Amino acid sequence: MDTGGNSLQSAAPDGVKRKVCYFYDPEVGNYYYGQGHPMKPHRIRMTHALLAHYGLLQHMQVLKPFPARDRDLCRFHADDYVSFLRSITPETQQDQLRQLKRFNVGEDCPVFDGLYSFCQTYAGGSVGGAVKLNHNLCDIAVNWAGGLHHAKKCEASGFCYVNDIVLAILELLKVHERVLYVDIDIHHGDGVEEAFYTTDRVMTVSFHKFGDYFPGTGDIRDIGFSKGKYYSLNVPLDDGIDDESYHFLFKPLIAKVMEVFKPGAVVLQCGADSLSGDRLGCFNLSIKGHAECVKFMRSFNVPLLLLGGGGYTIRNVARCWCYETGVALGIEVDDKMPQHEYYEYFGPDYTLHVAPSNMENKNSHQLLEEIRSKLLDNLSKLQHAPSVQFQERPPDTELLEAEEDQDDADERWDPDSDMDVDDERKPLPSRVKREIVEAEPKELEGQKGSSEHARGFDTAIDENASGKALDAGPLQIDEPGVRVEQENVNKHSDPLYSK
């Protein structure tokens with residue numbers, strides 16, 4: 001089978017520019033999971049700094065996400081779980097031990113200052129990106145703070161509290177009959193698969209390490225249930241997979257999925273823990289190999305939402321997501337890294353790309369052939385492009401964006417929608433600890449603990465619900481840390497981590 005992008009239906013030349021919306025909140029890098037915890041939101045700020053100094057921000061619409069509200073999160077998550085996330089603080093957690101256990105919060109998913117604001121921010125970016133795509137205001141939307149694919153309806157899991165991906169897909173389903181979800185994080189995308197396991201309107205495809213590895217789900221035999229049978233595709237991989245082996249599976253499988261499923265929109269979770277040398281990972285992908293998945297998805301010219309995810313060697317995460325933003329824009333960025341506030345993280349080479357290791361690839365060609373054959377056979381059992389019965393759907397959200405010199409941010413909301421601001425909710429005090437920079441230990445400490453297999457529950461799609469959508473307003477150009485980079489800017493407004 002030809003696996004090149006040129007052979008694909010609706011494929012567009014790689015050089016064709018796409019309109020890209022990029023969501024970033026300058027506060028996101030300040031959230032801190034705690035000492036020794038491998039998840040570091042600071043990597044999002046490092047990524048943003050690279051984008052600024054490579055000059056990529058000026059090629060995108062840069063947006064600060066509007067925070068998701070309780071009602072937005074409750075389109076998927078249980079009310080009592082959202083209430084718990086909103087109220088829990090480091091000071092009060094000792095009084096709520098039963099709730100902590102019930103919602104799986106405390107170890108892999110610690111309570112930290114500003115936890116709920118963090119969830120609102122990253123979820124707001126993902127749903128805001130979906131709204132932009134729904135209104136044809138961009139071809140590709142990017143939210144590197146999102147992609148937290150393990151969170152369940154009623155519990156946190158694997159460093160994830162709110163499942164922004166499920167919320168974004170629900171938003172896309174307001175406009176698109178079918179949405180494809182592709183996950184290239186090293187961990188199985190269990191929370192997203194579980195949410196849509198019984199529907200044929202969302203197809204989930206996950207490429208992941210399988211076998212004595214968190215979260216323990218994602219067997220090749222897990223294919224979906226009821227109407228969703230064959231709409232879940234799991235690609236189980238072993239240690240040391242390299243670029244060539246990965247794309248031997250990725251390209252033909254995704255090409256066939258696009259052919260038979262014909263999604264109206266695609267969500268690609270770009271977890272960077274599948275890169276070579278990740279603190280918690282065991283794959284051997286190069287940054288170019290990882291980004292080839294983005295390039296391949298882009299070639300289909302279907303509305304595309306790019307999200308972050310895992311990634312625990314943070315200098316490589318920033319490298320990867322910077323390069324993949326360039327791929328989204330159709331801009332090849334230089335390997336030589338520009339001077340910037342986090343330059344010392346990238347020594348001794350100060351380059352964007354790092355060579356993969358010489359670790360053994362435990363994925364034999366015979367095993368890869370068997371996986372590919374089995375999954376292509378599963379895809380052959382799909383009916384082509386399932387249709388959706390005509391029905392009333394939630395109202396669209398008009399994007400009445402504030403002009404950059406307009407102060408009244410509430411004008412961004414459609415007054416006729418069900419999305420008015422929650423007057424009854426008290427604003428949370430901004431009590432965010434600044435992260436202390438830690439050396440990255442070589443030991444895989446703090447690895448994600450194992451969890452139970454995904455528990456089934458009714459599909460997340462409520463076809464007739466009056467869904468809540470999010471919007472995002474354009475940023476003031478002079479907003480600290482979030483602005484289109486201007487020429488000759490050599491001063492960064494965020495003093496943290498200045499060397």
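Okay, ground rules. It's a predicted model, where local features need pLDDT of at least 70, side-chain atom pairs count only at pLDDT 80 or more, and totals for chains, interfaces and linings use all residues. Residues are numbered from 1 along each chain as its sequence is written, and side-chain values use heavy atoms, with hydrogens and water left out.

Helices here are DSSP runs (H or I, at least four residues), as are strands (E, at least two), numbered from the N terminus. Axes are lines fitted to C-alpha atoms, for helices over the stretch in contact, with angles from 0 to 180 degrees between N-to-C directions.

Let's start with H8, residues 243-261, and H9: their axes are 10 Å apart, at an angle of about 15°. So the two are roughly parallel, a label for angles under 35 degrees; over 145 is roughly antiparallel, 65 to 115 roughly perpendicular, and the rest oblique. On the H8 side, the contact (heavy atoms within 4.5 Å) includes Tyr246, Phe250 and Ile254, and on the H9 side Cys293, Phe296 and Met297 are among the partners. By class that's eight nonpolar, two polar and three charged residues. Nonpolar is Ala, Val, Leu, Ile, Met, Phe, Trp, Tyr, Cys and Pro, charged is Asp, Glu, Lys and Arg, and the others, Gly among them, are polar.

Now, H9 (287-298) also packs on H10 (314-329), with the axes coming within 9 Å and crossing at roughly 30°. That makes H9 roughly parallel to H10. Residues of H9 in this contact include Ile287, Ala291 and Val294, meeting a set in H10 that includes Cys320, Tyr323 and Val327. The tally is eight nonpolar, two polar and five charged.

What does H10 do with H1? The axes of H10 and H1, residues 42-53, come within 8 Å and cross at roughly 45°, so this pair is oblique. Ile44, Met46 and Leu50 are among the H1 residues there, and Val317, Ala318 and Trp321 among those of H10.

Last stop: His150. An unreviewed UniProt entry annotates His150 as "active site", and such annotations may be inferred rather than shown by experiment. His150 is in the loop between strand E3 (140-143) and helix H6 (164-172). Buried or exposed? His150 is buried, at 0% relative accessible area; buried means under 20%, exposed over 50%, partly exposed in between, with a 1.4 Å probe and protein chains only.
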